[in-house]
Amino acid sequence: MEIKKTALAGTLESSDIQITLSKGDNGISIDLDSSVEELYGDQIRTVITETLHAYGIDNANVKAVDKGALDCVVKARTMAAAQRALETTDQPDWEVF
């Protein structure tokens, strides 16, 4: 699916992650800012990438500012940003869960 607009989900509070999703041309590009990137950066990127692929998004620029979010939070914020970017917030894709 093609991203229709830039979208944001999440906050900069502790234990959360802020995901900004915008159009991209060369696959999924993730700019991750996290204090735990050395330990968990690969896992955070994997969760974001797998979630976007579940929505059929193959090209996107992602800015992720992590404040210690668990995988379930990363997935939820990515899903919210994807639905906003695709303008499908009124039709959630329950299969992604």
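How many helices and strands does the chain have? There are two helices and four strands, seen here in a predicted model.

**Figure 1. The whole chain, element by element.** Start at the N terminus and follow the elements along: they run β-β-β-α-β-α. The C-alpha atoms fill a box of roughly 30 × 25 × 20 Å along the principal axes. For 97 residues, a compact globule would have a radius of gyration near 13 Å, and the 12 Å of this chain agrees with that. Of the 97 residues, 39% count as buried. Take the contacts between residues at least 6 apart in sequence: 74% of them join residues at least 24 apart. The chain exposes about 5,700 Å², and carbon and sulfur atoms supply 46% of this area.

**Figure 2. A look into the largest nonpolar core.** This core has 24 residues, and Leu-21, Ile-48 and Ile-57 are those with the most contacts inside it. At least two core residues come from each of these elements: strand 1 (7–9), strand 2 (17–23), strand 3 (28–34), helix 1 (37–54), strand 4 (60–66) and helix 2 (71–86). Helix 2 gives the largest share, six residues. In soluble globular proteins, nonpolar side chains tend to be buried together.

**Figure 3. Leu-21 and its contacts.** Here we set aside the neighbours of Leu-21 within four places in sequence. The residues that Leu-21 then contacts include Ile-3, Ala-7, Leu-52, Ile-57, Val-62 and Ala-82. Lys-5, Thr-6 and Asn-61 are also among them.

**Figure 4. Helix 2 and what covers it.** Helix 2 has 16 residues and reaches 22 Å from its first C-alpha to its last, close to the 22 Å expected at 1.5 Å a residue. Can you find its buried residues? They are Val-74, Thr-78, Met-79, Ala-81, Ala-82, Gln-83, Ala-85 and Leu-86. Strand 1, strand 2 and helix 1 are included in what covers them.

**Figure 5. Ser-34, a buried serine in strand 3.** Ser-34 has its place in strand 3. Is this residue buried or exposed? Ser-34 counts as buried because its relative accessibility is 11%, and the cut-off for buried is under 20%. The side chain of Ser-34 makes a polar contact with the side chain of Asp-66, at 2.8 Å. The side chain of Ser-34 also reaches the backbone nitrogen of Val-36, at 3.1 Å. Leaving aside neighbours within four places in sequence, Ser-34 is in contact with Ile-44 and Asp-66.

Notes
Residues numbered from 1 in each chain as written. Predicted model: local features only at pLDDT ≥ 70, side-chain atom pairs only at ≥ 80, totals over all residues. Heavy atoms only, no water. Core = buried A, V, L, I, M, F, W, Y, C linked by side-chain atoms within 4.5 Å. Buried < 20%, exposed > 50% of the residue type's maximum accessible area, 1.4 Å probe, protein only. Contact = heavy atoms within 4.5 Å. Expected span 1.5 Å × (residues − 1). Polar contact = N/O pair within 3.5 Å; in protein donor to acceptor, adjacent residues only side chain to side chain. Rg over C-alpha atoms; globule rule 2.2 N^0.38 Å. Areas by Shrake-Rupley, 256 points an atom, 1.4 Å probe, with all protein chains shown as cover.
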